[in-house]
Amino acid sequence: MAVVVITHQRRDELLSALDRLLALPEQPHVVVVDNGSTDGTADAVRQRFPSVELITSPVNLGAIGRNLGVARLDTPYVAFCDDDTWWEPGSLRTAADTLAAHPRLAVVTARILVEPGGHEDPIVPELRDSPVRGADWLPGPALGSFLAGASVLRRAAFEEVGGFSERLWLGGEEELMAGDLAARGWELCYLPALTVHHQASRARDPHKRRRDGIRNTLWTTWLRRPLRPALRRTVHLLRTVPRDRITAFGLLDAVRGLPWVLRERQVLPPHAEARFAALEAAQRSSTARRYVS
């Protein structure tokens, strides 16, 4: 088992996360991808954690940093971890055992506890009560997508779909990969026996996250959904996002990408599209999937 951590300008939080990862009983190999930090992150990792494999990028690659980390590995499974999250002891072993027992399972997603306090993230009930129908043999509820910072993936499946899209950079990038995994017959599920702790960093740009999230949702929808579902989701998004400059920029970014989106559009096969269709009602009523900042 290996863990890939991407980070940007969060030296102290990353060091705390690495302390916890290296203390895990599973003793995973840890790869850190430093996305262009200028706060001394790379030097601090080298000095304090010489066993950690460090990849430094001169620019912020976003989610593509995970692709670089996975490319260094030969382990069958890889856990992703953000610099403000950490895995509970025993979870990585349980994930590896579960993936080994189910050869067509590509992703297992953990229960997320918000720190301080240890209460469940609002997304957890949606994972637990997922309306997606999957294979009968799944060890937990089938999912239509996943949360990278709280999931363990089968490396072969990750590589089969080409990793995370370079176009999307960061923000909802998992949805496109999830659709492509389902299209190839892979399964995804929620596994409550796994636990990830998340203490949200204050070092973030919420406006950029919202802007990119709106853009990426539209791009993924236009790339993979049939015409009518794509129109439904587009209209719903337009009706529910805040009416401000951030939203306007996100919509403009999405429209600017239409030429390449139309060139690369590949509609999901019916069995994969059914997963996204099953999520539509949950997405409309969700309190954890709002585009706010």
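Asp19 is partly exposed, with a relative accessible area of 38% (buried means under 20%, exposed over 50% and partly exposed in between, for a 1.4 Å probe and protein chains only). The model is a predicted one, in which local features need pLDDT of at least 70 and side-chain atom pairs count only at pLDDT 80 or more, while totals for chains, interfaces and linings use all residues. Residues are numbered from 1 along each chain as its sequence is written, and side-chain values use heavy atoms, leaving out hydrogens and water.

Asp19 pairs with Arg48 in a salt bridge, their closest N and O atoms being 2.9 Å apart; the term requires a side-chain nitrogen of Lys or Arg within 4 Å of a carboxyl oxygen of Asp or Glu. Asp19 belongs to helix α1 and Arg48 to helix α2, so the bridge ties together parts that are 29 residues apart in sequence (helices, H or I of at least four residues, and strands, E of at least two, are DSSP runs numbered from the N terminus). Arg48 is partly exposed too, at 46% relative accessibility.

Helix α2 (residues 41-48) also has buried residues, namely Thr41, Ala42, Ala44 and Val45. These cover an arc of only 165° around the axis, which puts them on the same side of α2; the arc is taken from the directions from the helix axis to the C-beta atoms. Their cover includes β1, α1, β2 and β3, where contact means heavy atoms within 4.5 Å.

Further along, Asp212 and Arg215 form a salt bridge at 3.8 Å. Asp212 is buried at 4%, and Arg215 is buried at 11%.
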